[in-house]
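Trainee: I've got a model open on my screen and I'd like to learn how to read it. Can we walk through a few features together?

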Amino acid sequence: MDEKVLIFGQDLCQYTSAARADFSRRKILFEYINVLQDDAGLKRMLQLTKGGRKIPVILEAGKITVGFGGT
């Protein structure tokens, strides 16, 4: 079974919103982690990005993507 897709971001970020909409449109299940409201989620995102704070951060099948430009 594939790992769940994780999207780290914040509600007011247009790129986070676009990523969430894209995954929903493509019917790909994901978990959204709002890094402004989830301290543990922020810490995990910072570990994945080696301290980078650009969002969204998408973890899909072991691959980390920073930012979202659409598909």
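Predicted model: local features only at pLDDT ≥ 70, side-chain atom pairs only at ≥ 80, totals over all residues.

Trainee: Is Phe23 buried or exposed, then?

Mentor: Buried means under 20%. Phe23 comes out at 2% relative accessibility, so it counts as buried.

Trainee: How many aromatic pairs does a search of the whole structure find?

Mentor: It finds 1 aromatic pair. To read a pair, look at the ring centres and then at the angle of the planes, where over 60 degrees counts as edge-to-face. The partners here are Phe23 and Phe30, with centres 6.2 Å apart and planes at 65°, so they are edge-to-face.

Trainee: And what lies over the face of Phe23?

Mentor: That's Arg26, at 4.8 Å from the ring centre. You'll find another arginine over a ring elsewhere: the charged end of Arg20 sits over Tyr32, 3.8 Å from the centre of its ring.

Trainee: Let's do strands. What should I know about side chains in a regular strand?

Mentor: They alternate between the two faces of the sheet. Now the case here: β1 and strand β2 (residues 30-34) run parallel and are joined by 5 bridges. Phe30 turns up again, as the bridge partner of Val5.

Trainee: Which helix goes with β1 and β2 in a β-α-β unit?

Mentor: Helix α1, residues 14-25, and the unit is right-handed.

Trainee: How do β3 and strand β4 run?

Mentor: Antiparallel, with 4 bridges between β3 and β4 (residues 63-66). Leu59 stands opposite Ile64 there. The hairpin has 2 residues between its strands, and Ala61 takes a positive phi near 55°.

Trainee: What does Leu59 touch beyond its sequence neighbours?

Mentor: Leaving out residues up to four places away in sequence, Leu59 touches Lys4, Val5, Leu6, Arg44, Leu48 and Ile64.

Trainee: Which residues make up the largest nonpolar core?

Mentor: A core is a set of buried residues joined through their side chains. The largest one here has 11 residues, among them Leu6, Phe8, Ile33, Leu42, Met45 and Leu59. Two or more residues each come from β1 (5-9), α2 (39-48) and β3 (57-60). The biggest share, 3 residues, is from α2. Apart from that core lies another, of 6 residues, including Val5, Ile7, Phe23 and Ile58.

Terms used: Residues numbered from 1 in each chain as written. Heavy atoms only, no water. Core = buried A, V, L, I, M, F, W, Y, C linked by side-chain atoms within 4.5 Å. Buried < 20%, exposed > 50% of the residue type's maximum accessible area, 1.4 Å probe, protein only. Contact = heavy atoms within 4.5 Å. Phe/Tyr/Trp six-rings, centres within 6.5 Å; stacked < 30°, edge-to-face > 60°. Lys NZ or Arg CZ within 6 Å of the ring centre and 35° of its normal. Pairing = 2+ DSSP bridges. Right-handed = clockwise from strand over helix to strand, strands pointing away.
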